[in-house]
Structure formats: structure tokens, C-alpha cells
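Subject: Structure handover

Hi,

Here is the structure we talked about.

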Amino acid sequence: MSNADTLRRLALDSLSPSQRHAAVWDPERPLQILAGPGSGKTRVLTMRAAWLVLGDADRRPIKPENCVVVTFTNRAAREMRSRISAYIGPSMTDRLLLGTFHALCVKFLRRYGRLVGLANNFTICDSDDSIRIIKGVIEQQADMLKESGVTIKAEEARTEISRAKARLQTAEAFRKACPNAPGNMDRHTAMANVYKDYELYLRGSKACDFDDLLLYAERLFCLHPGVCSKIEHVLVDEFQDTNAIQYALMQRLSAASGRVSIVGDPDQSIYSWRNAEVSNLEKMVHDFSGIKRIYLEENFRSTGAILDASLKVVQQDRMRINKGLYTAQAEGAPVTFRTFDTELEETEYVALEIERQMQLARPMLRYADFCILLRFNALSRGFEAALRRRRIPYRMLGGQQFFDRVEIKDLVAYLRVLDNPAYAPGLLRILNVPKRGIGKATISAVSGLASAQRIPIYSVLEQISARTSELSVHGRALYGIDTFVSVMNKLRERVQQGLSVNELLTCVIEVTEYKTYLEREGDFASRWENVRELLTFAALCAGDDEREELYLPPKRTKLDPEEQEEEPTPLRTFLESSALATDRTDDDTNDKVTIATCHAAKGLEWPIVFVAAVEDGTFPFYRSTTPEMIAEERRLLYVAMTRAASNLYLCSTKRRMMAGEWRNQKVSMFVTPLIPCSRGGTGLSAPTKTDAVMWCFTSPLIQDFLHTTARILQRSVPSEEVLQQNRIEYKFSDTCTSLDKLDACRNAALQWRSEMGNVGLPSKSGFLSALNSLGSAALQHGSNLGMRSTHAAPADLQQSHGHRRSMSSTTQNASSAAPQAHPLARFTSNNTAPQRKRALGMH
């Protein structure tokens, strides 16, 4: 049996009709495969590459070295190589031109670079080196920039230059493309000068940055097409993420044969900030004659309910390519939509809901089956605290935990030194942050003198600044120490004035010019969001009622006079809480909840997904101001929603603290048209399946997704005996109690708004504390009086909080009773036990 026959028997026959149609489409004609999420696009592209190399009864095989397979990440390239190798063997796979655009360009440039003036032994300059070179160029042009009144930061210049290269613009072409807007001329000219000198430096060093690899290769293929004339077919994955230079490279590589196969999804184009151009899909239709477009619209990942909601989000973009998506899975549980008063309740609910599902579906579910998706990393802080509080193991996908991030450690270190000037680790961290010109030799000498004299390092620095130290320090280092001591003295004055921690942090940022420092260091937007979240955390720490929610140390009780200790200051309380937040006792198990950004999650999937902060200002992000940017934000939410296989939760809040200030929030503009008016949206009150999403507004019933999840995960459903025991244990668990209390707070808040009209809620301080206390007592009393027999039917045991499905088509009022004067009244009146249980959300 031939290799082609083996491939057909073992692989091609396992494809769906549409997948097979795409995999074996006529190789003589260009092909566009538009594939929705979960449709098996990578499998199809892999199969097509193997089919092309192995040949068929009616078609000769192509040589592996004449077949180009392009991916966008090294991880994707490794996966593609492994899959193809399973079909054609390692030997033939190694001969393929397979890799990222950059890796392929390096292969050609190492061999033919001299043809375009590039030494074959060129050095590849990484991002850090690029920024370092640009900083040097800006310093050399300092006088000229000062005369023109223009300020340019290195990271900013690096981004501009990279964007220009992605558009195939040389330094001279960039200069000519000056925007016509008033005031832009001087700045653009200055940036062009930086670009030009940066390129001269690279050429003089026989070096290329990552963007140059693509530019030089495109020039090579253009001027010397013979170097790639033997290429018979080009396959490109994730085509919607290509930019102008990558599109040009595809054209050059396929110029001799005209044979191209690409896979992409315009609905998943979310990388415009990396210069991706989704318009390349339509451009390709015009540039390649006779192109065939095949749609892969069958999703093998998600349930019908998840796909229905996701499609209705992305279909709001009237400019998108009209394509559908249907599923091979069951309808499944409705998408859950929950709105909370604050992010504290949102994060607590997510942690409790994970516990609820783990307890009720044990041993089928694992922590690794859950994922929490965020629009940006700074939102992780609250979820990390909630998961730690419930002792739920978690991991950060492609990032650090909140209090491990550099900018957070820097600012917390400043506060630690203010609280305790003798704290050497913190002082050594911030002594040169932002940079003050204090070298390693000076720091070593200062540390040595402090150790010899057995005094704190900060005392030595004060002596040097006062010119009373025996250590001789001169020049830039002396100026840096003087600056540091002056900064710390100013901040200590603020501490003595009794500023709150939030205000003190703001002073640290202002006095040290830390924001400017971050702007120079790079990745400013993401890092500044983390700083804003730290300010929020500091503000929340001041609330007495939120100590438990924030993982704060408990308030100290009064001791005997001889045991009395100093009452902790707000600053010290904050520092203790941030230290507790970094205490990790997790083992090395891989069974952990995943926290990830929506961008990092692209291409991945989980059975159960929570999308947090589905609010205006987050989806779409508050910096997204143009129609194109808002359309991409909509696609980002679509990508996040389609990561879920069996259960999807969308969460939002009515109030969210940002940079230490409470702000009212609205549900995302992408979701409100799908939510019925009775639930705060703008959709129909009684929707049908065809015109609106069917939602669940409480926690979903376990039986709604148990069997579907088991089928997707290919796991066994627990026996009815096990499920019965799980329900009994859950009924008596802290998780059940906590969820009931949380829902009671939420219901009371909504009832208060309903009864008081535009009058705001009582302040959070005191209200939630009293509500929690009274709610817990009422819940305990109600449980004692109304608990069913352990032999009751399973349906009866699922009547507690979180086991009721509220569909938008059957919305009911929570209560028809006359309005109470205050949300707490229902817990203090002489209600019967069933009435108390209703007030607590138990029925």
C-alpha cells in the first residue's frame, strides 16, 4: 500500500465532508479556507500539507523542500511539525520549509543575504538591544530634538519604526509619508531621523532586528526571484494575522507557481496592535485569480448554546464576511450571565462557583477544566485573592501573578522602606529605580560599610548625603544618592501627615516620576494598568468590612496591659496583606484553574470558562475609540466566548474601583442588545430561539451540563449514588452557605435600588457586614428548620441556591410582597422559616 493510500485510509476518511473537501482541493488553484473556532483548521492544513507531499493517484507528489508551511508562533510550528511527521515521517518533515515567517526568512538570508548587501554572518538584534540602540541614537540627537521642541521615547520610537517596516517603509519612505495634521511635521521628521540613524547603526554592526529579517527577505525575493523559483506550494496558518510585509512575502514565495493555501478566520482577527491587517483576506481574492473560498463552519468544540451566543455577538458587525457556525455537540446549558454590585462579589462568586461544580460533579471535573479570561492582566488581582482564599490552585497563563510583577514589587518596596528604613532587600531594590546612576560598585561599598558598622544601609546613605560618611562617593553616584535620600525624606513627611495608603502610593508615583519611568521601559499600557489596580487594592484595604474579602490579616484583639503591642498603621496592614498575597503553598500539580488574558487564550480551549468584567470600558477597552478598534474589541469578546466547550459565564459589575475610585459600570455594548429589558439590557423581553440568546441568570443546573461535559471530555459520568452523596455533602458545605450569603447580598442590593429609585445604596462599609452577619444567622436557622431528609429525591436537594435556572423567556418577579423599608428588614422581621429561606435565595 502506498503512502498516499495509507494517508487516505488512516486520516482523510476521518475528516468531515467540508474538511476533506478543503484538504484535497485542486492544488493548482489558490485556496482560502475560512475556518471558525473549533472547526479543526490546523488539522485540515496539516492534512493538506501531507497530501501535497505524498501525492495522489491523479497527482504527482511535490518535494518537501519545495513546500513552504508558515505558522505565526514557534509553538504552533512545533505542533504542526509533530502532526505532519505522524503522516509523512520525520525524514520528509525535516525537509519541509516549515516555521514562522522570521525563521523562514533567516534560512534564505543566511544563504543569499549577500545579494541584498547583508553579510551572511549577520547578528539578529533582539527587542532589548533594539531599544538600547535607539536610546543611544536619541541621546546623540538630543540637541537637535531640543531645538525642535520634540520629545521622543525609545519604546515609542521602536513601535513607530516597527510599524513602518511592517508597511514596507524604509526610513526615507517613512519621512515622505508625513501626516498632514498640524504639529505633526516636526515630530515626524524627528522620528524619521531616529529611524535613519538606527538603521545606519544596525548596518554598521552587521545586524538586523526582527522586522529587518522580513524586509531583507522581501527585497531578496523581489530582486532575485530565482532563489525561490522552485517553490511549488505555500501554506499559511492564521492568515488573518498577517501584516503588509508578510502578505508581500507570501506573494513573492508563490510567484513562480501561483499555488497558495491559507487558513484564517476574520472573526478572530485581534492583533491590529501588532500591525495585522484583516483586509489581507479580501486583498488576496483580488490578487490571486481563480481563488477558491471554502468555509469550515462545523464547530467540534462548543455546545449549541455557547455558539449561538457567540455568533450573535460577532454578527453585530455588519461589515464582517458573512459566514455561519454550527456545532456537532448538543445544545447544552444556557450561557450564564451574572451581574454583581462590585468586583469583590464577582471574584468571590467565580471562586465559589468553581467549588460548587467541583463538589457536585466530583470526581469527573478537575481544576484544570476551568479558565478565567480577562481583558487585561491587571484584573487578575481580585481573582487571585478569591482563589487563594478558597484554597483553589491556579496558574497564570503567559504571565506572572499580580504581586510578582516588577512594577508592583517596586512600589510595594518603596512602602516597605518607608515603614521600615532598615529593610535592606527593599531598599536595594528601589535605590536605583528609577535609574539614578548609582553603580554596582557604589552599592557594594555602601552595603559593606553598613555591615561593618552594624547600621542600616539607609543610615549610610544619609551620612553620604550629609557629607559626614567616611565613604568617599563622587560624581553621578553622589548625585543619585542625594536624589534618593531627598525623595525618601519627602515621602516620610507624607507618612507623618497621616495620608492613606492610596494617597501615599500616589505620592510615591509622583515624587519618583515612576509613570515616566514606565513609559521609557516599554509595555507601558499593561504595566500602568497594574499600577492602577494596586491603587485600587490600597483603597479597598482601608475598608473594615472587606478585610476577609481581600485576604487581610484579622484585626487584633486587645491584650493584657503587659502584652499590649503597637496598633498596626494602615500602611503596615497593607504591607501585611500584600505579603500574604504572595504566600503560595500550591504543590507542583498541573491540576490548576487557569487565569489568562483573552489574547493569550487564542487557540486554546477549556470545558468551563468565565469571562470577567464584560462591561463598557473593558469590552470595548476604554482606549478603543475608532470604529475599527471597537470592531476588533467585539471580535476579542467572541474569541473569549468560543474558548468554552460546555459552560460559559459572562460576569459584570454595577460598580468597579479603578485607580482607587469607585465608578459606575454598564454592561458591555456588545451584550446589552442580547439581554432582555427586564434584566437591564435592550433586547426583547420574551425572545425566541431565532432572535435572541437564551440566558441563565443564576448558577446553571448541574444536570444541564454534566452529560454534555462528560461527552466532550470523554470521561465517565459519576453514578447516581455518587451524585446523590455529592449533593448531600454540598448542602452542608461552606460553599453552599457562602453562595447563599452572596446571593442574599445581591438580591438585597437590587431590591434596595428597586424600592428607592435613584437613591444610591447605603455605603458598603457596615451594610454588607451587617447583611452577611444577619444573613448567615438566618440561613443557619432556615437550614435547621427546613432541611430535607437525606433520602429525599435529588431534585429536592437541588432547590438551594444555585440550582435554579432562570430563562429570559420565563422571567418572574422575585417577590410580589409590598416593598420593605430597608433590605435588612426581611432578615429581622418575624418571618416564618420558609419566608426567611426565600429572602436568602434558597427557593
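First, a convention on handedness. A crossing counts as right-handed if the near helix is turned clockwise from the far one by less than a right angle, and as left-handed if it is turned anticlockwise. Keep in mind that this is a predicted model.

Helices α22 and α23

By that convention, α22 and α23 cross right-handed. Helix α22 covers residues 475–496, and helix α23 covers residues 501–511. Their axes lie 10 Å apart, at an angle of about 160°. Angles over 145 degrees count as roughly antiparallel, so α22 is roughly antiparallel to α23.

Which residues of α22 and α23 meet? From α22 come Val487, Lys490, Leu491, Arg494 and Val495. From α23 come Leu504, Cys507, Val508 and Val511. By class, the contact of α22 with α23 has 7 nonpolar and 2 charged residues, and no polar ones.

Helices α18 and α24

The next pair is α18 (residues 406–419) and α24 (residues 514–521). Here the angle is about 155°, and the axes are 12 Å apart. The two helices are therefore roughly antiparallel to each other. The crossing of α18 and α24 is right-handed.

On the α18 side, the contact uses Val406, Glu407, Asp410 and Leu411. On the α24 side, it uses Tyr514, Tyr517 and Leu518. The contact of α18 with α24 divides into 5 nonpolar and 2 charged residues, with no polar ones.

Helix α14

Helix α14 spans residues 280–287. Its buried residues are Asn280, Leu281 and Met284. How are they placed around the axis of α14? Looking down that axis, the buried residues fall within an arc of 105°, so they line one face of the helix.

Leu145

Now a single residue. Leu145 sits in helix α8, residues 142–148. Is Leu145 buried or exposed? Its relative accessible area is 7%. The cut-off for buried is under 20%, so Leu145 counts as buried.

Leaving out residues up to four places away in sequence, Leu145 touches Ile138, Val150, Ile152 and Ala190. Leu145 and Arg187 are 42 residues apart in sequence. In space, their C-alpha atoms are 8.9 Å apart.

Best wishes

Terms used:
Residues are numbered from 1 along each chain as its sequence is written. This is a predicted model: local features need pLDDT of at least 70, side-chain atom pairs count only at pLDDT 80 or more; totals for chains, interfaces and linings use all residues. Side-chain values use heavy atoms; hydrogens and water are left out. Axes are lines fitted to C-alpha atoms, for helices over the stretch in contact, and angles run from 0 to 180 degrees between N-to-C directions. Helices (H or I, at least four residues) and strands (E, at least two) are DSSP runs, numbered from the N terminus. Angles under 35 degrees count as roughly parallel, over 145 as roughly antiparallel, 65 to 115 as roughly perpendicular and the rest as oblique. Contact means heavy atoms within 4.5 Å. Ala, Val, Leu, Ile, Met, Phe, Trp, Tyr, Cys and Pro count as nonpolar, Asp, Glu, Lys and Arg as charged, and the others, Gly among them, as polar. Buried means under 20% relative accessible area, exposed over 50%, partly exposed in between (1.4 Å probe, protein chains only). The arc is that of the directions from the helix axis to the C-beta atoms.
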